[in-house]
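Trainee: May we go through this model together, beginning with the terms?

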Amino acid sequence: MSRMSTLWKASPRKVLLAFAGLMVAAAIAVGSGANFNSTSANPSNVFTAGTITHSNSKAGAAILTASNIVPGNTATGTVDIKNTGSASGTFTLTHLAPVDTPASPGLAKKLTMTIVDQGDPTCVTACPAFVTLYTGTIFAQPATIPLGSYAAGATHRYVYTMSFPDAGINGADNAYQGASTTVEYDWSSTS
Amino acid sequence: MRGGGTIASKLAATVIVIAACALLAGAATWSNLNAVATNPSNAFTAGTVQIATNSSGSAILSLTNAKPGAVSTGCIQVTYTGTLDATVRLYGAGGGSGLNQYLNLVVTRGTFSGSPSAGSCTGFSADSTNYIGQGAGVIYSGTVANWPSSSGSAQLDPTSSSPGTWSTNSSHGYQFQVTLQSNSAGQGLNGTQTFSFEADNN
């Protein structure tokens, strides 16, 4: 102690360094107690969000239009909806309220629409049966029609057929002369 | 103290950033990934069938206290304004006490050179076609009583065997002429007759 005291007095910094050296030596001793071991790693675990996008063969345009129609007329239009995202998605079909001119009696309440899901238009063998999604007046179409899940890359073809029912002879449908209706269809996909 | 204030403000800013991130993260969890496509303007318009005469529903023929051989002649212009091509039917209900069977009727189809007034035949020219073998433009020749009375039995214009097509703004003139037969059985009788034009889209 007399020497330590002497050292402390002579150089307190050297004393502290000596203690630090002892602590390092102790740590090395602990490390030397390990057995053989082995490790493996799984690096680069990358997480990328999927994309939900789809294409519409008539994006921003009408699927079908018909002018100067009379009772008994029909018109057909086709649209292809494709899941262009990287993930599967749940698709739905909605529509805005039809706009009738004149509002009454309302051509949308007279004209009927049939919407058929024909599935993949490129399918040639073992193709699933067509599915009729809706048949009824344009006005009464449900606000939302579920279309099911599309796998990534899947395409469905939808065929719209408009019909003007004929109520009979002698001007039975005269109330609809010159009437028009316009409707918008919207397609949504959700992960 | 100044340095401590800086650290405090940085901490506060960090807390705010973390809170904002938490809010954004919370917002992100409210919705799934989605996409929307639209097909607007699916429009459907019905056509029209519209026909009218220049007589406004008023009579174009009249015989009063007539004797055999008396004649009444009147003309009308019929115009089609519908958007759909159509055929036109001619018919009309008769009435009275029985004179119509003693009235001969000749209906001639033609054109007007100008804009005729109701009932007037000024400017009328018969079609050159001899539709039924009764002369140029004649589409009916018979008694008033035999004029078809309903749409179902109507005569098509100009003939039922070869109806014409009326398009938007088609216009034709028709001359109606009745002559009282020389038949004493018609004495004291009277008759009425309506002439109707009905357009039906093809």
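Mentor: Two strands pair if DSSP finds at least two bridges between them; strands (E, at least two residues) and helices (H or I, at least four) are DSSP runs numbered from the N terminus. The model is predicted: local features need pLDDT of at least 70 and side-chain atom pairs pLDDT 80 or more, while totals for chains, interfaces and linings use all residues. Residues are numbered from 1 along each chain as its sequence is written, with chains lettered from A and ligands numbered from 1 in the order written.

Trainee: In chain B, which residue of β9(B) is the bridge partner of B:Leu90?

Mentor: Strand β4 (residues 86–91) of chain B pairs with β9(B) in the antiparallel sense, over 2 bridges. In β9(B), the partner of B:Leu90 is B:Gln155.

Trainee: Why is one side of β9 and of β14 of chain B left without a neighbour in the sheet?

Mentor: The open sheet has 3 strands in the order β9-β4-β14 (chain B), paired antiparallel. β9 (155–156) and β14 (196–201) of chain B lack a neighbour on one side because each stands at an edge, with a single partner strand.

Trainee: Which element gives the largest share of the side of chain A that touches chain B?

Mentor: Counting residues as in contact if their C-beta atoms, placed from the backbone, lie within 7 Å, the contact takes 39 residues from chain A and 22 residues from chain B. β1 (54–56), β2 (66–69) and β10 (180–190) of chain A each supply at least two residues of the chain A side. The largest share, 11 residues, comes from β10(A).

Trainee: Which residue of β1(B) is the bridge partner of A:Ile69?

Mentor: β2(A) and strand β1 (residues 34–46) of chain B pair in the parallel sense over 2 bridges. In β1(B), the partner of A:Ile69 is B:Ala46.

Key:
Two residues are in contact if their C-beta atoms, placed from the backbone, lie within 7 Å.
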